[in-house]
Protein chains: 2
Amino acid sequence: MKRDSRLSSVLHALLHMAERDAPMTSEQLSRCLGTNPVVVRRTMGFLRRAGIVASDRGQAGGWRIAADLSAITLRDLHVALEEPGFFAIGHRNDTPDCLVEQSVNAALDQTLAEAEALLLRRMGEITLADLAKDFATRFAARRQQVEDWKNGA
Amino acid sequence: MKRDSRLSSVLHALLHMAERDAPMTSEQLSRCLGTNPVVVRRTMGFLRRAGIVASDRGQAGGWRIAADLSAITLRDLHVALEEPGFFAIGHRNDTPDCLVEQSVNAALDQTLAEAEALLLRRMGEITLADLAKDFATRFAARRQQVEDWKNGA
DNA sequence: TTTCATGTAACTTCATATGTTACGATTCGC
DNA sequence: GCGAATCGTAACATATGAAGTTACATGAAA
């Protein structure tokens, strides 16, 4: 199945934006993400409508984060993107007459619902601030690595 | 997103087979599932290769369950079908150079991995025998309902 | 030997995520 | 005001993958 990568994309974009003071244009973001400015506008539009980012037109325009990093969770982004569901598996018929199919649906639905609840809970616990911190750690580690390499050479 | 419904389909098929003594043909199963005999053969082929069902050609041939109902779990079926993953969301680039993207991937992967582990655990606890029992309960309830309706009329 | 069934390749169809083109609307600097 | 930069969005193109379909080979039983 073709997986929806918009959540990953907007996270990537938001963290890049968080590293800067000035707004970033769709064109800049599209280069970060390896995609197209129109795709960026289309996807970020969901976040704008959810109040997570704001956009300005004209020169010196672009996208900026409109909320506190520690107040934006992965769950918020998932909801904002209106992602239709987490799962690549499902059943064909939502309201079957066949009792056998009803048993099958009930078992699958219950199992998937439990996993979905876990996902939503966990995603509600992870904020953009957490990711930015994780990035800072990685960045420091790489900088140290480069430093070591320079000294060794 | 187009969801993979093969797990649902084979469960449906297996429960119908469990209700009978004789083998069922692809044609019969396809009518139960509202699909095509070739699709049934293609999908059930995964279960045959996993030893969960057996098939016989020729007259009086068809499909039969080759293991104990209480020994077949949803997880076994999921694995047998070689379903590529549970999730409809994911990230675009598996081995990014960008440190920001690495942070994003790490966070998403960890969250999804946790949910996947839960799913596999739960699916490993549910057997075909459990579903057959649930079906029996629903069947009895409906029979009672019909009985009541007859008496009332 | 005929009939019925599976096994499988090849192709079609359909849904949908993503990419692209085009153009209108808005804002800024001059 | 004018022109450049930028978003907003419609319309269309492309790619991927699940499921459906056709065709035919293989094997088993009456």
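Through which surface do the copies, chain A and chain B, meet? In this predicted model, 100% of the interface residues of chain A are also interface residues in chain B, so the copies meet through the same surface.

Chain A is built from six helices and two strands. Read from the N terminus, its elements follow the order α-α-α-β-β-α-α-α. The C-alpha trace of chain A spans about 70 × 45 × 30 Å along its principal axes. Its radius of gyration is 20 Å, whereas a compact globule of 153 residues would have a value near 15 Å. Of the 153 residues in chain A, 43% are buried. Among contacts in chain A with a separation of 6 or more, 63% join residues 24 or more positions apart.

One residue illustrates contact between the chains. B:S103 sits in helix 5 of chain B, which covers residues 99-125. Its relative accessibility is 1%, so B:S103 counts as buried. Beyond its neighbours within four places in sequence, B:S103 is in contact with A:L131, A:D134, A:F135 and A:R138. The side chain of B:S103 makes a polar contact with the side chain of A:D134, at 2.8 Å. The B:S103 side chain also reaches the backbone nitrogen of A:F135, at 3.4 Å.

The model also holds DNA. DNA strand C is surrounded by 30 residues, and the closest are A:S5, A:T35, A:R42, A:Q59 and B:S26. Of the atoms of DNA strand C that come within 4 Å of the protein, 59% are accounted for by sugar and phosphate. A polar side-chain atom of A:T35 is 2.6 Å from a phosphate oxygen of DNA strand C. A:Q59 places a polar side-chain atom 2.7 Å from a base oxygen of DNA strand C. From B:G58, a backbone N or O atom lies 3.2 Å from a sugar or linking oxygen of DNA strand C.

Helix 3 of chain B gives the most, with five residues. By class, this surface has 14 charged, eleven polar and five nonpolar residues.

DNA strand D is likewise surrounded by 30 residues, the closest being A:S26, B:S5, B:T35, B:R42 and B:R57. Sugar or phosphate supplies 58% of the atoms of DNA strand D within 4 Å of the protein, and bases supply the rest. An N or O atom in the side chain of A:R92 lies 3.1 Å from a phosphate oxygen of DNA strand D. A polar backbone atom of B:S5 is 2.7 Å from a phosphate oxygen of DNA strand D. B:Q59 turns to a base: a polar side-chain atom of this residue lies 3.1 Å from a base nitrogen of DNA strand D.

Two or more residues of the surface near DNA strand D come from each of helix 3, strand 1 (53-56) and strand 2 (62-65) of chain A, and from helix 3 of chain B. Helix 3 of chain A provides the largest share, five residues. The surface near DNA strand D divides into 14 charged, eleven polar and five nonpolar residues.

Definitions and conventions:
Residues are numbered from 1 along each chain as its sequence is written. Chains are lettered from A and ligands numbered from 1 in the order in which they are written. This is a predicted model: local features need pLDDT of at least 70, side-chain atom pairs count only at pLDDT 80 or more; totals for chains, interfaces and linings use all residues. Side-chain values use heavy atoms; hydrogens and water are left out. A residue is near a molecule or strand if one of its heavy atoms lies within 4 Å of it. A polar contact is a pair of N or O atoms within 3.5 Å; within protein, one must be able to donate a hydrogen and the other to accept it, and residues adjacent in sequence count only if both atoms are side-chain atoms. Helices (H or I, at least four residues) and strands (E, at least two) are DSSP runs, numbered from the N terminus. Ala, Val, Leu, Ile, Met, Phe, Trp, Tyr, Cys and Pro count as nonpolar, Asp, Glu, Lys and Arg as charged, and the others, Gly among them, as polar. Contact means heavy atoms within 4.5 Å. The radius of gyration is taken over C-alpha atoms; the globule rule is 2.2 Å times the number of residues to the power 0.38. Buried means under 20% relative accessible area, exposed over 50%, partly exposed in between (1.4 Å probe, protein chains only).
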